[in-house]
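Hello,

Here is the structure I promised to pass on. My notes follow below it.

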Amino acid sequence: MAPLGPGEVRVGGAVAKPYSVTLTDLRKLPQASVEVTFTSAKGEQHHTYQGVPLHDVLKTAEPRFDAAKKNGQLRGFVSATGGGDYRAVFARAEIDPGFAKSQVLLAVSEDGVAFDDAAGPRLVVPQDTKGGRYVSELNQLWVGVVDPVVDGAK
């Protein structure tokens, strides 16, 4: 596997078309904007982020799931890894607009200030009241399915 360039995000795992995306690539895609409030180690934060819905970024990679199973896509999850090997996990339903009311974003800017290209995007989770899943310096999105883990435990 080739090393990642500065600010590059690898999208892989249980997908038909793994690929990498940069902030430059994300800025060319249709943007969404969210206003968020969350608590962090620095106290209460209020920000406006602009970026691309995570669902759209993953759709390009064509996540694989068992379509023969009722709501087979709901057996999936996404692991987001950022700087310092920081990691957060999401159920596929949390990012699927058919199930979730809010949009998880790969943000390209905060409060109108663009992120540095070398740092990459920031994962923004509007529904979270704490900032723990706001993954900075995002560098990997890994799609998985729980069936092999759960079925292997039998």
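**Salt bridges and the rest**

Asp85 is exposed, as its relative accessible area is 54%. (Buried means under 20% relative accessible area, exposed over 50%, partly exposed in between, with a 1.4 Å probe and protein chains only.) Asp85 forms a salt bridge with Arg87, and the closest N and O atoms are 3.2 Å apart. A salt bridge here is a side-chain nitrogen of Lys or Arg within 4 Å of a carboxyl oxygen of Asp or Glu. Arg87 is partly exposed, at 47%.

Before going on, the ground rules. This is a predicted model: local features need pLDDT of at least 70, side-chain atom pairs count only at pLDDT 80 or more, and totals for chains, interfaces and linings use all residues. Residues are numbered from 1 along each chain as its sequence is written, and side-chain values use heavy atoms, with hydrogens and water left out.

**Other salt bridges**

The count comes to 6 salt bridges. One of them joins Lys17 and Glu62, at 3.1 Å from N to O. This pair links distant parts of the chain, 45 residues apart. Lys17 sits in the loop between β1 (9-13) and β2 (19-21), Glu62 in the loop between α2 and β5. (Helices are DSSP runs of H or I, at least four residues; strands are runs of E, at least two; both are numbered from the N terminus.) Lys17 is partly exposed at 47%. Glu62 is partly exposed at 36%.

Arg133 and Asp128 also pair, at 2.8 Å from N to O. Both are buried. Salt bridges with shared partners join Glu94, Asp128 and Arg133 into one network.

**A buried glutamine**

Gln73 lies in the loop between α2 (54-61) and β5 (76-81). Gln73 counts as buried because its relative accessible area is 17%. Beyond its neighbours within four places in sequence, Gln73 is in contact (heavy atoms within 4.5 Å) with Phe65, Arg92, Asp96 and Phe99.

**Overall fold**

The protein has 4 helices and 10 strands. From the N terminus, the order is β-β-α-β-β-α-β-β-α-β-β-β-β-α. Buried residues make up 40% of the 154 residues. Of the contacts between residues at least 6 apart in sequence, 60% join residues at least 24 apart. The C-alpha trace spans about 45 × 35 × 30 Å along its principal axes.

Helix α4 covers residues 147-152 and includes Val150. Val150 is partly exposed, at 48% relative accessibility.

Best regards
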